[in-house]
Amino acid sequence: MKLDYGTSLSPFPVLFAGGSIKKPSLREIAEITFDQFSLYELFLSLTPESYHTQIGDAEKKKYWNSLSKEQKEKMSLYDLILEDDSLQQVYTEIFNFFYIEKIVFVEDAFVILKHDIGSIDPTDIAPEDAKGIIFWENFDETINIIQQICCINSDDAEEEDISQINFKNEKARKLYIRMKDAEKKQKLLTKKKNSEYYTIPNIISKVSSKHPSINLINVWDLTIFQLFDKFNCLQVNCMYDISWTRCSVWGDKEKAFDASLWFKNKQK
């Protein structure tokens, strides 16, 4: 489910799986601390591979490396959640932060309740108490919607199937694989290098100092998407001002000045 620009920009919840996924304000995020929210972002981007190789112990990493390609592809994050009580607790906490309704994990699903049941045992929940469920069939889509709300770019884009490419010879195939591996490593290095510039606190600071009306008093009412949207607009407007100044001073003989640059939507 791809959220359109208007839906992403609005402050209103997204209805899904029988519940309402809210767009937390920066104030709500600051209240739980940015470090805690960063932990949520980590688990919102979790994959079976990163679970075994990055947050798991040596045994989990060894187990992952022992699996065949087919076994790895068949494994889902939800399979791991059903087997790991700690993951059930983490995702219950995450869903309770983003959903307006109360969420509890019962047997093999996250149940969205019609009302807060307080400290009642989840096993005592009656069917009529449930408003909806998050389970194996809609779990990935639920996570994807929350990723979009948090402006998290998923790295799960489909990789090119090398088996479908006709190489001239084996040497060409190996060269292609090496090039792709080098490209992946470069992307990871670039992402790591730039990550410190794109943290929410840093963007809050820079938008508050640069924007004509947003400041450290009212910035906390924005959602994450609204914050990054303002940040992107400021960058576009900066480039527009530079281009406009150059055009007004030196002219535009090559017709390079784009008068519509300031209102073009780069996020659609």
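Residues 24 or more positions apart account for 58% of the contacts in the chain with a separation of 6 or more. The model described here is predicted.

**The chain as a whole**

The secondary structure consists of 12 helices and five strands. Of the 268 residues in the chain, 34% are buried, that is, under 20% relative accessible area. The chain exposes about 17,800 Å², and 54% of this area is supplied by carbon and sulfur atoms.

**The three-stranded sheet**

Three strands form an open sheet in the order β3-β4-β5, and their pairing is antiparallel. Strands β3 and β5 stand at the edges, and each has a single partner strand, so one side of each is left without a neighbour in the sheet. From one strand to the next, the twist averages 35 degrees.

| Element | Residues |
|---|---|
| Strand β3 | residues 103–106 |
| Strand β4 | residues 109–113 |
| Strand β5 | residues 130–134 |
| Helix α8 | residues 85–98 |

The antiparallel pairing of β3 with β4 extends over four bridges. Which residue of β4 is the bridge partner of F105? The partner is F110.

**The helix across the sheet**

Helix α8 lies across β3, β4 and β5.

Key. Residues numbered from 1 in each chain as written. Predicted model: local features only at pLDDT ≥ 70, side-chain atom pairs only at ≥ 80, totals over all residues. Heavy atoms only, no water. Pairing = 2+ DSSP bridges. Helix = DSSP H or I, 4+ residues; strand = E, 2+ residues; numbered from the N terminus. Axes fitted to C-alpha atoms, helices over the stretch in contact; angles between N-to-C directions. Contact = heavy atoms within 4.5 Å. Buried < 20%, exposed > 50% of the residue type's maximum accessible area, 1.4 Å probe, protein only. Areas by Shrake-Rupley, 256 points an atom, 1.4 Å probe, with all protein chains shown as cover.
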